[in-house]
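Subject: Handover of a structure

Dear colleague,

Please find below the structure that I am handing over to you.

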Amino acid sequence: MLRRTVLVLVAGLVWSAGLTAQSDPFLGIWEINLVKSSITRGAPPKFETVVNVVEPGGFRSMLAVVTDRGTSVEIHHYNFDGNFHQTEAADPRELSFKRIDRRTIVSDTRRNGQITVTRRFELAEDGKTMTVTASGTTGGGQKYTNDTRIYDKK
């Protein structure tokens, strides 16, 4: 039932954004591949989907996660302007994104003025797989390294 709820949320975002084929290879719908992922930050989710759509300055990313504790949805703004931008969700923090090349993005997460997480987003040459590697400290203060999540493009 929770998976269906997430899929409905994803479908609504895709519909409202008018998602079409775009030139940025990060755009589209991405679903986590739990078998290939190596999650070191807490318990793995039951289901996780990312939907990236165009917005001025970059793209908007909706992250929907289903865990044993429930479902959460966050909005992140990938603005490649070097500034930090507030997330839209119950877990307030700021994100900054830098595009390294067409298939690589790095980001920093800032909480209370301190960088707490660094992530690297890399697309496979064929554009069908996205690897997100993160190291840092959770909002609850737990340190982690090399949290690696593999997403398949849908």
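Of the 154 residues of the chain, 42% count as buried; a residue is called buried under 20% relative accessible area, exposed over 50%, and partly exposed in between, with a 1.4 Å probe and protein chains only. Residues are numbered from 1 along each chain as its sequence is written.

Confidence in the model

The chain averages a pLDDT of 88, and 86% of the residues score at least 70; pLDDT is the predictor's confidence in each residue, from 0 to 100. Over residues 14–21 the pLDDT stays under 50, and the model has 9 contacts for them beyond four places in sequence. A contact means heavy atoms within 4.5 Å. Where pLDDT is low, the predicted coordinates should not be read in detail.

Overall fold

The chain has 1 helix and 10 strands, and its pattern along the sequence is α-β-β-β-β-β-β-β-β-β-β. Helices (H or I, at least four residues) and strands (E, at least two) are DSSP runs, numbered from the N terminus. Among contacts between residues at least 6 apart in sequence, 34% join residues at least 24 apart.

The sheet

The 10 strands form an open sheet with antiparallel pairing, in the order E4-E3-E2-E1-E10-E9-E8-E7-E6-E5. E4 and strand E5 (85–86) stand at the edges with a single partner strand each, so one side of each is left without a neighbour in the sheet. Two strands are said to pair if DSSP finds at least two bridges between them. Strands of a sheet pair through backbone hydrogen bonds, either parallel or antiparallel.

Several pairs can be followed in the model. Strand E1 (residues 28–32) is joined to E2 by 4 bridges, and the two run antiparallel; here Glu-31 stands opposite Thr-49 in E2. E2 is in turn joined to E3 by 9 bridges, also antiparallel, and Glu-48 stands opposite Val-65 in E3. In the hairpin of E2 and E3, which has 2 residues between the strands, Gly-57 takes a positive phi near 90°. E2 is mostly covered, with 8 of its 9 residues buried. E3 and E4 pair in the antiparallel sense over 10 bridges, and Thr-67 stands opposite Gly-70 in E4.

E6 and E7 pair in the antiparallel sense over 7 bridges, where Ser-96 stands opposite Asp-108 in E7. These two strands form a hairpin with 2 residues between them.

Which is buried and which is exposed, Ser-61 or Arg-102? Ser-61 lies in strand E3 and is buried, with a relative accessible area of 2%. Leaving aside residues up to four places away in sequence, Ser-61 touches Val-50, Val-51, Asn-52, Glu-74, Ile-75, His-76 and Tyr-78. Arg-102, in the loop between E6 and E7, is exposed, with a relative accessible area of 52%. Beyond its neighbours within four places in sequence, Arg-102 is in contact with Ser-23, Asp-24, Pro-25 and Phe-26. The C-alpha atoms of Arg-102 and Pro-25 are separated by 7.6 Å, although these residues are 77 residues apart along the chain.

The largest pocket

About 1200 Å³ of space lies in the largest pocket. Of the 46 residues that line it, the closest to its centre are Arg-41, Leu-63, Val-65, Glu-74 and Arg-93. On a 1 Å grid over the protein atoms alone, a pocket is an open set of points where a 1.4 Å probe fits, with protein on both sides within 12 Å along at least five of seven lines, and lining residues have an atom within 4 Å of a point. Grid points are joined across faces, edges and corners, and the volume is the space filled by probe spheres set on the points.

E4 gives the most to this lining, with 7 residues. The lining divides into 21 nonpolar, 14 polar and 11 charged residues. In this count Ala, Val, Leu, Ile, Met, Phe, Trp, Tyr, Cys and Pro are nonpolar, Asp, Glu, Lys and Arg are charged, and the others, Gly among them, are polar.

With kind regards

Technical notes:
Predicted model: local features only at pLDDT ≥ 70, side-chain atom pairs only at ≥ 80, totals over all residues. Heavy atoms only, no water.
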